[in-house]
Amino acid sequence: PMEKSAQGIARAHGEAWLKRSTPHDTTQAAGLRLLAQIWNGVPAFKLDAEAKALAGRANADGGWPQIPGAPSDAYATGQTLYFLSLAGFNQNHEEILRGVKFLIDTQRDDGAWPMTRRGHPGVTPTKNVVPITYFGSAWGTLGLLRTTQK
């Protein structure tokens, strides 16, 4: 029998861990569950309900929060735009347009987006805002790149 590659073994371990774990109710977790289905070849039409549920997490300002009830930010909005585009939402889809507008409206003059430090339940957030600003700005940029190309 063929021996599994290190990557295949690592993936199998990760998938087993995911099956044993309780899903978190974060926007990132919902997006990553959708992304895993996309990468596993599930056709876009079969992802419709899950993609619509992710899109439905948007706040009234058009952006997405990292956790339900939190303010929208570039990190969650950029990731969500990216994942929804992979699931078949085009650049003219209402939620995409609103998310793009949120990112355009909240981007600072220096090109970054404002981010708030937060920790997961039971974790005290660090005082250093640079890492989350970097990641939020990276995801904001990726979301815009993915959803505004012609």
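A charge sits over a ring if NZ of Lys or CZ of Arg is within 6 Å of the ring centre and within 35 degrees of the ring normal. I wrote that down before looking up Arg-146, which lies over the face of Tyr-82, at 5.8 Å from the ring centre.

**Ground rules.** I'm working on a predicted model, where local features need pLDDT of at least 70, side-chain atom pairs count only at pLDDT 80 or more, and totals for chains, interfaces and linings use all residues. Residues are numbered from 1 along each chain as its sequence is written, and side-chain values use heavy atoms, with hydrogens and water left out.

**Aromatic rings.** I searched the whole structure and got four aromatic pairs (rings of Phe, Tyr and Trp, its six-membered ring, with centres within 6.5 Å; planes under 30 degrees apart are stacked, over 60 edge-to-face, the rest tilted). Tyr-82 and Trp-139 make an edge-to-face pair, because their ring centres are 5.8 Å apart and their planes sit at 75°. This pair links distant parts of the chain: Tyr-82 is in helix H4 and Trp-139 in helix H6, 57 residues apart. (Helices are DSSP runs of H or I, at least four residues, numbered from the N terminus.) I also noted that Tyr-82, Phe-83 and Trp-139 form one aromatic cluster.

How exposed is Tyr-82? It counts as partly exposed, at 26% relative accessibility; the scale is buried under 20% relative accessible area, exposed over 50%, partly exposed in between (1.4 Å probe, protein chains only).

**Helix H6.** I checked H6, residues 130–147: its 18 residues reach 26 Å from first C-alpha to last, close to the 26 Å expected at 1.5 Å a residue. (The expected span is 1.5 Å times one less than the number of residues.) Its buried residues include Ile-132, Trp-139 and Leu-144.

**Ser-72.** Where does Ser-72 sit? I found it in the loop between helix H3 (48–55) and helix H4 (74–86). Ser-72 counts as buried because its relative accessibility is 13%. Its side chain makes polar contacts with those of Asn-59, at 2.9 Å, and Asp-61, at 2.7 Å. (A polar contact is a pair of N or O atoms within 3.5 Å; within protein, one must be able to donate a hydrogen and the other to accept it, and residues adjacent in sequence count only if both atoms are side-chain atoms.)

Conventions:
Helix = DSSP H or I, 4+ residues; strand = E, 2+ residues; numbered from the N terminus.
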